[in-house]
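Open the model in your viewer and keep the sequence panel beside it. This tour tells you what to select at each stop and what you will find there.

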Amino acid sequence: MALVLAEEEPAHDGVAEQRERLIEGLRAYGGHFTELSRLFADWLGLHSTDAVALLEVAAAEERGTPLSPARLSERILLSPSATTALLNRLEQAGHIIRSREHTDRRVITLRSSAYVQERADEFFRPLGVRLDAVMAGHPPELLAAFETLLAELGTSMDVYITERSEGRREG
């Protein structure tokens, strides 16, 4: 199935074919990420949805933008009630901590526990070493350009998703 994103003429010859190859590579990478999440879940003895949520909480923390339960619900595509049940399980198992750090004390912040951080480091550190070795074989300028391209592709897709979502609500 060809993914057609552009309605206008491509900026240069071969851009549509290159887009298809890049999108296929990103799709395959997403599949690897999904499988890695499943393996992490098995390793921790969690349901895969719980592990995905845990990874989202930890990743947001690492970016310096911890999630609220509502934001997590959006990120993992669960209803608020299902997210609450998931968070209850994770908190009861000692994997996450809910805190009220915001000036508005009603806002709950999700953080991963020290135990989970240690376990995630143990699981993902060897992969990080491998990925660093691959990336070290490429010029920093190429990696920076790839980061920019991924950000621009993500923004373009976000805008399209928003437009389609709004159109669905109106129609």
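**Stop 1: the largest pocket**

Show the largest pocket, with a volume of about 2,300 Å³. The search runs on a 1 Å grid over the protein atoms alone; a pocket is an open set of points with protein on both sides within 12 Å along at least five of seven lines, whereas a cavity is a set where a 1.4 Å probe fits but cannot get out. Grid points are joined across faces, edges and corners, and the volume is the space filled by probe spheres set on the points.

This is a predicted model: local features need pLDDT of at least 70, side-chain atom pairs count only at pLDDT 80 or more, and totals for chains, interfaces and linings use all residues. Residues are numbered from 1 along each chain as its sequence is written, and side-chain values use heavy atoms, with hydrogens and water left out.

Now select the lining. Lining residues have an atom within 4 Å of a point. The largest pocket has 43 of them. Start with Tyr29, Gly30, Phe33, Glu56 and Arg75, which lie nearest its centre.

Colour the lining by type. You get 23 nonpolar, 9 polar and 11 charged residues. Here Ala, Val, Leu, Ile, Met, Phe, Trp, Tyr, Cys and Pro count as nonpolar, Asp, Glu, Lys and Arg as charged, and the others, Gly among them, as polar.

Which helices each supply at least two residues of this lining? Select α1 (15-44), α2 (48-62), α3 (69-76), α5 (114-136) and α6 (140-170). The largest share, 11 residues, comes from α1.

**Stop 2: the whole chain**

Zoom out and switch to cartoon. The chain has 6 helices and 2 strands. Helices (H or I, at least four residues) and strands (E, at least two) are DSSP runs, numbered from the N terminus. Along the sequence the pattern reads α-α-α-α-β-β-α-α.

Draw a box along the principal axes. The C-alpha atoms fill roughly 55 × 50 × 35 Å. Colour by burial next: 21% of the 171 residues count as buried. Buried means under 20% relative accessible area, exposed over 50%, and partly exposed in between (1.4 Å probe, protein chains only).

The chain exposes about 12,300 Å², and carbon and sulfur atoms supply 57% of it. These areas come from the Shrake-Rupley method with a 1.4 Å probe; for residues, only the protein chains shown count as cover.

Then look at contacts, meaning heavy atoms within 4.5 Å. Among contacts with a separation of 6 or more, 41% join residues 24 or more positions apart.

**Stop 3: helix α1**

Pick out the buried residues of α1: Arg19, Ile23, Ser37, Phe40, Ala41 and Leu44. Their cover includes α2 and α5. Step past the helix to Gly45, which has a positive phi, near 75 degrees.

**Stop 4: Leu55 on α2**

Move to Leu55, in helix α2. Is Leu55 buried or exposed? At 16% relative accessibility, Leu55 counts as buried. Beyond its neighbours within four places in sequence, Leu55 is in contact with Ser37, Phe40 and Phe124. Ser37 and Phe40 are among the buried residues of α1.

**Stop 5: Leu77**

Select Leu77, in the loop between α3 and α4 (80-92). Leu77 is not a glycine, yet its phi is positive, about 60 degrees. Leu77 counts as exposed, at 74% relative accessibility.

**Stop 6: Ser99 and Ile108**

Go to Ser99 in strand β1 (residues 96-99). Ser99 is buried, with a relative accessible area of 19%. Leaving out residues up to four places away in sequence, Ser99 touches Val107, Ile108 and Thr109.

Ile108 counts as partly exposed, at 22% relative accessibility. With neighbours within four places set aside, Ile108 is in contact with Leu67, Ser68, Pro69, Arg98, Ser99 and Arg100. Ile108 and Pro69 are 39 residues apart in sequence, and their C-alpha atoms are 6.9 Å apart.

**Stop 7: Glu141**

Finish on Glu141 in helix α6. Glu141 is exposed, with a relative accessible area of 59%.
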